[in-house]
Amino acid sequence: MSVPAPGAERRRGGARHDAPAAPGLAARRVAGALLQGVLDDGRTLDDLLTETADFAVLAPRDRAFARLLVGTALRRLGQIDAALGAFLDRPLPARGAGARTLLQIGAAQILFLGTPAYAAVANAVALAGETNATRPYKGLINAVLRKLDGAGRPLLDRQDAARLNTPDWLWRSWAEAYGEPTAHAIVSAHLNEPPLDLTLRPDADPTEWATRLQAQILPTGTLRCAPGGRIEDLAGFDRGAWWVQDAAAALPARLIPSPSKRLVFDLCAAPGGKTAQLAAAGAEVIAVDRVESRLDRLRENLARLSLSAECVAADAAEWRPARRADAILLDAPCSATGTLRRHPDVARRKRAADLTPLIAAQDRLLSAATRLLTPGGVLVYCVCSLQPEEGPARIAALLARNQGFRRLPVRPAEIGDRPEFINEDGDLRTLPSHLAGCGGLDGFYACRLIGD
């Protein structure tokens, strides 16, 4: 449900883009710093966009271009590096990290953004001249990018774009879990920036708001809008008619049966889209999250929507409430590999080894959640991950050690009559390649359990 800070723009969609007219050198400088922050420092792009002062002071047009540029470079990094490698005699040394970033930023403009080559080259060379670390590479940057302009397109035509842009560990995992054709469809869906999805309040008229927002009504009820422009300027923002939430992320809360007037715990609740869904459906919601600042944002969004929930800053695995819940929604911390459409930096920051502590945390949270339910209560566990270790394997482990719970299978009617979103165990499993004709979905897994 999170909303960008005032002044933030939604990015434009599509695999190839026309850059804003004459974007400034400052936008490219910031994009390079953002890209280096992700690749070399392991920072999240969202954090960098929030904390980078030079990004905040850019003109709106340049801010939009910087976001587009770094996002494109991250989505297409495998293709970009392969194309650049064709014109480099040897890999750049560690001290050439800044030059590498300038080459990647320049290549993204030439190959994917439709930027005139002379502008991309001239700006990359100008930026190289600004620091002692990159100045020795000015000639190399100029030569490689000019060659890329002439021969880059034929190189792209011979590439397997989806495979090149996916780290090996992710490709192997998805090919094993879903089969190679589906894995290829998943990674192909990651190459384009996603549309903007909105969840309406239950009392809102979808047809009316689809007309006002020039949006498409998805089978699941989500409104899907074309990207571009400021979210705060959209009709209905000020009156709290909707909130931003990927169509797949809106499904797990629907698996809570008859939430009205029932006590529901939303564990690991921030940023709060699912909290809003449950509150809007009439539930008494207690939203729990470890980070107070994340709860502050959740409270702000609930206030905009004129919805209420009790917010508790606590580790959900250690929290001991005075009452037990009728239902629990546990959106566990995970690798977030299902969100690469919206967060392309995830593919460059995560490693297979990162799953081990996350799995341990998921097991702790699941075990704790089972102790917070009334007899016969419902537990919905979900993760925005495509990794089977974080989804079905966690439920199998829970059921093996706790005989007091059983699956309550998802029915197509609960999720927009989309049986393809339900796996063989009766659990929700969306893939980025689902609804591909209208922009895809985030990858989500959800399992509904009921206690004896």
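Author: This is a predicted model. Strand 5 and strand 6 (residues 284-289) pair in the parallel sense, over 5 bridges.

Reader: Which residue stands opposite L263 in strand 6?
Author: The residue opposite L263 is E284.

Reader: With which residues does strand 5 pair in strand 8, and in what sense?
Author: Strand 5 pairs with strand 8 (residues 325-331) in the parallel sense, over 4 bridges. Within that pairing, D266 has L329 as its bridge partner.

Reader: How many residues of strand 5 are buried?
Author: In strand 5 (residues 263-267), 5 of the 5 residues are buried, so the strand is largely enclosed by the rest of the structure.

Reader: Which way do the residues point?
Author: L263, F265 and L267 point one way, whereas V264 and D266 point the other way; all are buried.

Reader: Changing topic: which residues of helix 11 are buried?
Author: In helix 11 (residues 180-189), the buried residues are A183, I186, V187 and A189.

Reader: Why are they on the same side of helix 11?
Author: They lie on the same side because they cover an arc of only 155 degrees around the axis. In general, an α-helix has 3.6 residues a turn, so residues three or four places apart point the same way.

Reader: What do these buried residues pack against?
Author: The buried residues of helix 11 pack against helix 9 (161-164) and helix 10 (168-178).

Reader: Which residues are exposed on the other side of helix 11?
Author: E180 and P181 are exposed there.

Methods. Residues are numbered from 1 along each chain as its sequence is written. This is a predicted model: local features need pLDDT of at least 70, side-chain atom pairs count only at pLDDT 80 or more; totals for chains, interfaces and linings use all residues. Side-chain values use heavy atoms; hydrogens and water are left out. Buried means under 20% relative accessible area, exposed over 50%, partly exposed in between (1.4 Å probe, protein chains only). Helices (H or I, at least four residues) and strands (E, at least two) are DSSP runs, numbered from the N terminus. The arc is that of the directions from the helix axis to the C-beta atoms. Contact means heavy atoms within 4.5 Å. Two strands pair if DSSP finds at least two bridges between them.
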